[in-house]
Amino acid sequence: MRRDPTRPARPRASRAIAVGAAVAAVAVLGGCSGPPPDQNAELSGCLVGDRGTLALGVTNSAGEPLAITGIELAESEGVAVVDRFIAIDPEARATPVLFDAAPSGSSGRDAFDGVDLADASIEPGAAAFVGIEVERTGAAEGFVNGVVITTAERETIAPVRLSLLDDCG
């Protein structure tokens, strides 16, 4: 496929983020069938330390408020869940996932102004971060491979990978 010379080129990273946004934002909505399998780009990252937060951007394109009833790890090793939260935020609409590990001050739900899952729903046309905070359970590497987001209608697995290490270099 040839690029139209009248249109500016899009960097490959932007394409990956756009696909990831489709996965994280569209796949968890009530009433939607989710993206085709070929759009399941894997989002991955590494955090130095013992604790980290995955915050996935979710947009509600349904006609009624969307309640997130659960968020769990699909696969994991060497980590335990510390907290789960939701944070209503218009910036989440364009954010497939954020990895947070603020070593000083606020981290986890505090970094996103999050509340318990049962305390907020995403209004139609609005966006939110759905977060899960994990910590390493020992000295070995900890990792997460996928996050399951649950609504009243469905469970969706977001293809997110996170490693917690002593050194990401």
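This passage describes strand β2 and the sheet in which it lies, in a predicted model.

The model contains an open sheet of four strands, arranged in the order β5-β7-β2-β6 with antiparallel pairing. The edge positions are taken by β5 (79-88) and β6, each of which pairs on one side only. From one strand to the next, the twist averages 20 degrees. Within this order, β2 stands between β7 and β6.

Strand β2 comprises residues 51-59. Eight of its nine residues are buried, with buried taken as under 20% relative accessible area; the strand is therefore largely enclosed by the rest of the structure. In a regular strand, side chains alternate between the two faces of the sheet.

The pairing of β2 was examined on each side. Toward β7 (residues 127-136), nine bridges are found, and the two strands run antiparallel. Along this pairing, T53 has E133 as its bridge partner in β7, and L56 stands opposite V130 of β7. Toward β6 (residues 97-100), β2 is joined by four bridges, again in an antiparallel arrangement. Here the bridge partner of A55 is L98 in β6.

Taken together, β2 is bridged to β7 and to the edge strand β6, and eight of its nine residues are buried.

Definitions and conventions:
Residues are numbered from 1 along each chain as its sequence is written. This is a predicted model: local features need pLDDT of at least 70, side-chain atom pairs count only at pLDDT 80 or more; totals for chains, interfaces and linings use all residues. Side-chain values use heavy atoms; hydrogens and water are left out. Buried means under 20% relative accessible area, exposed over 50%, partly exposed in between (1.4 Å probe, protein chains only). Two strands pair if DSSP finds at least two bridges between them. Axes are lines fitted to C-alpha atoms, for helices over the stretch in contact, and angles run from 0 to 180 degrees between N-to-C directions.
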